[in-house]
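Here is a friendly note to read alongside the structure. Keep the view open and find each residue as it comes up.

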Amino acid sequence: MRIAGIDPGTIRSGIGIIESGSGGTTLLFSNTIHAGAHRPLSERLRILFDGFQNAFEKWKPDVVVLENVFYRKDFKAAIKVGEARAAAMIAAEISGSEVVEYAPARIKQSVCGNGRAAKDQVQYMIRHLLKLRETLPPDSSDAVACALCHLNTVKNPLLAAKRVAHAL
């Protein structure tokens, strides 16, 4: 199974693609798409869309996993994350990939064992779990964590049933 994870943002978005098979789980690709803070939003969204679409065309993931939008105090930030998520969803739809979403706390819980894990903890666990030589940048690590969360959910029938029930 080939899974792409996306850590969405309108200034930069992380993308990570893993493959799981009989030989274990391998990181195929990771990147941070830098859209820039000083460009108009429409231009940044086009840069993100193009980056997602190019990665999906090349690596052909079966599933694209995104963090759900969460809202705390900054409503504008939540809207911008939603716009970046839309760019990723459209690129996934065009590529024929299924789109799945998880809450940020569930992703961290799945990878780190703690739903409130800090970015550096996520980076450490990604490096450790995938036996990488170097630590990935934060946005890329978060994206790979999304993909690993889905893999862990699919491998565990109880979690997979919860995901289906939650989606209904």
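1. **A covered strand.** Let us begin with strand 1, residues 2-7, which is mostly covered: 5 of its 6 residues are buried. Please keep in mind from the start that this is a predicted model.

2. **The partners of strand 1.** Which way does strand 1 pair with strand 2? The two run in the antiparallel sense and are joined over 6 bridges. They also form a hairpin, with 4 residues between them. Strand 4, residues 63-67, is parallel to strand 1, and 4 bridges join the two. Here the bridge partner of Gly5 is Val65.

3. In what order do the strands line up? The sheet is open, with 5 strands in the order 3-2-1-4-5, and its pairing is mixed. Strand 3 (24-34) and strand 5 (98-102) stand at the edges; each has a single partner strand, so one side of each is left without a neighbour in the sheet. On average, neighbouring strands are turned by 20° against each other, direction ignored.

4. **A helix across the sheet.** Now bring helix 5 into view, residues 138-155. Helix 5 lies across strand 1, strand 2, strand 3, strand 4 and strand 5, and runs at about 35° to strand 2.

5. **Helix 5 and helix 3.** Two packed helices are described by the angle between their axes and the distance between the axes. For helix 3 (residues 104-112) and helix 5, the axes come within 9 Å and cross at roughly 75°. That makes helix 3 roughly perpendicular to helix 5, because angles from 65 to 115 degrees are counted that way. On the helix 3 side you will find Arg106, Ile107, Ser110 and Val111, which meet Ala145, Cys146, Leu148, Cys149, Asn152 and Thr153 in helix 5. The residues of this contact divide into 6 nonpolar, 3 polar and 1 charged.

6. **Ser13, a buried serine.** Ser13 belongs to strand 2, residues 12-21. Is Ser13 buried or exposed? Its relative accessibility is 0%, so Ser13 counts as buried. A polar atom of the Ser13 side chain lies 2.7 Å from the backbone oxygen of Gly9. Leaving aside neighbours within four places in sequence, the residues in contact with Ser13 are Asp7, Pro8, Asn31, Thr32, Ile33, Leu48, Phe52, Ala84 and Asp139.

7. Ala84 sits in helix 2, residues 75-95, and is buried because its relative accessible area is 0%. Which residues touch Ala84, apart from those within four places in sequence? They are Pro8, Gly9, Thr10, Ser13, Leu45, Leu48 and Phe52. Phe49 is 35 residues away along the chain, and the C-alpha atoms of Ala84 and Phe49 are separated by 8.2 Å.

8. **Two aspartates to compare.** Asp50 lies in helix 1, residues 41-59. With 27% relative accessibility, Asp50 counts as partly exposed. Its C-alpha atom is separated by 9.7 Å from that of Ile33, 17 residues apart along the chain. Asp120 lies in helix 4, residues 119-129, and is exposed because its relative accessible area is 52%, where the cut-off is over 50%. The C-alpha atoms of Asp120 and Ser141, 21 residues apart along the chain, are separated by 9.2 Å.

9. **Two lysines with positive phi.** Lys60 is found in the loop between helix 1 and strand 4. Its phi is near 50°, a positive value in a residue other than glycine. Lys60 counts as exposed, at 58% relative accessibility. Lys131, in the loop between helix 4 and helix 5, has a positive phi of about 55° although it is not a glycine. How exposed is Lys131? Its relative accessible area is 74%.

Methods
Residues numbered from 1 in each chain as written. Predicted model: local features only at pLDDT ≥ 70, side-chain atom pairs only at ≥ 80, totals over all residues. Heavy atoms only, no water. Buried < 20%, exposed > 50% of the residue type's maximum accessible area, 1.4 Å probe, protein only. Contact = heavy atoms within 4.5 Å. Axes fitted to C-alpha atoms, helices over the stretch in contact; angles between N-to-C directions. Parallel < 35°, antiparallel > 145°, perpendicular 65-115°, else oblique. Nonpolar A, V, L, I, M, F, W, Y, C, P; charged D, E, K, R; others polar. Polar contact = N/O pair within 3.5 Å; in protein donor to acceptor, adjacent residues only side chain to side chain. Pairing = 2+ DSSP bridges.
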